[in-house]
Every structure is written in C-alpha cells, then in structure tokens.
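Hello,

Here is the structure I promised to pass on to you. Have a look at it first, and then read on for my notes.

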Amino acid sequence: LAELVAAFNAMLGRLEESAAMLDEYEKQLGAQPNVQQRIALQKNRGILAFQSGQYPEAVRFLESADSELQAMLRSSDQPSPYEEEIVFYLARSHESQGEQTKACDLYDRYEGLVQGCGPGETERRDFAASRAASAECVKG
C-alpha cells in the first residue's frame, strides 16, 4: 500500500511526501525483500528521481530495476506490470540527459511491450509513440 500511495503522491507532484513514503516502505520490507518488492522500490525511486530532475540517479535506479526484471522474466512466462513504466521512464531519463540514441532504442522497445491499462499508460504510450516517430528517432 505504501508503494501505491508514494506513486500517487509523485503523480500529484508531492515529491517529498513520495520520498518519505518510499523510505517507510523500504523500512517495512526489512533486510530481505523479495525480487518483485526490490523491483517495485527501484522503479518508484527511479520515477521519483526523474520527476525531481535527477536524471543520472533515475537512470541508475531504473536500469537496476530493469536488470532484475529481465532476469525475473527469463525464468517466467508472465509479463510484468512494472516493465511498461520502467522502460518509459528510462527512455525519458536518457532523453533528458541528451542521450538520444539510448532514448530512441528504449522508445522502440516500449512500443513492443504488451499493452496494459495502468494509470497514465495511455498518455505514456501516446508520448512514446510520438517520440519514436520524431525526426530524432527515425533512422534512415
């Protein structure tokens, strides 16, 4: 629940409250969170860092989350509800740092993900599609 409240606060621009909620969530998880809890925490810390303009930190958290997620997905045939947000915000973070090639590759990857119906996903998908089709990303 703390993870959801923190994500909701971040969406509303209450970044300090979100950070405090994520700290509390991490404390409640203790020393041995399971892989999904670690991924969720890293994802949300990455999104919070992105929204705070801390793009290198966002990349660090999101790449860590993506790495663990990909390892988890290799051992399962189930899609992850976290992958959509991880890839989107990783692309945005790279783009915000001027790393256009990495961002474009991630927008392409994003477009290939299974579509869900999470909060804000429609807007993220529209944005990613427009960025992937932009002159900066069109190859050839």
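A word on the ground rules. This is a predicted model, in which local features need pLDDT of at least 70 and side-chain atom pairs count only at pLDDT 80 or more, while totals for chains, interfaces and linings use all residues. Residues are numbered from 1 along each chain as its sequence is written, and side-chain values use heavy atoms, with hydrogens and water left out.

Now the overall picture. The protein chain has seven helices and zero strands, so its elements read α-α-α-α-α-α-α from the N terminus on; both kinds of element are DSSP runs numbered from the N terminus (helices H or I, at least four residues; strands E, at least two). Of its 140 residues, 44% count as buried, meaning under 20% relative accessible area, with exposed over 50% and partly exposed in between (1.4 Å probe, protein chains only). Among contacts with a separation of 6 or more, 51% come from residues 24 or more positions apart.

Back to the helix pairs. The axes of α5 and α7 lie 11 Å apart at an angle of about 45°; axes are lines fitted to C-alpha atoms, for helices over the stretch in contact, and angles run from 0 to 180 degrees between N-to-C directions. That angle makes α5 oblique to α7 (under 35 degrees is roughly parallel, over 145 roughly antiparallel, 65 to 115 roughly perpendicular and the rest oblique). Their crossing is left-handed, which is the case if the near helix is turned anticlockwise from the far one by less than a right angle, and right-handed if clockwise.

Helix α5 (residues 83–96) also packs with α3, at about 35° and with the axes 10 Å apart. This crossing is left-handed. On the α3 side are Ile39, Lys43, Ile47, Phe50 and Gln51, and they meet Glu85, Ile86, Tyr89, Arg92, Ser93 and Ser96 in α5.

The α3 and α4 crossing is left-handed.

Which cysteines does the disulfide join? Cys104 and Cys137, with an S to S distance of 2.0 Å (a disulfide is a pair of cysteine sulfur atoms within 2.5 Å). Cys104 sits in helix α6 (residues 100–111) and Cys137 in the segment after α7 (121–132), so the pair links distant parts of the chain, 33 residues apart. The torsion about the S-S bond is about -80°, so the disulfide is left-handed. Cys104 counts as buried at 3% relative accessibility, and Cys137 counts as buried at 4%.

Best wishes

Technical notes
Contact = heavy atoms within 4.5 Å.
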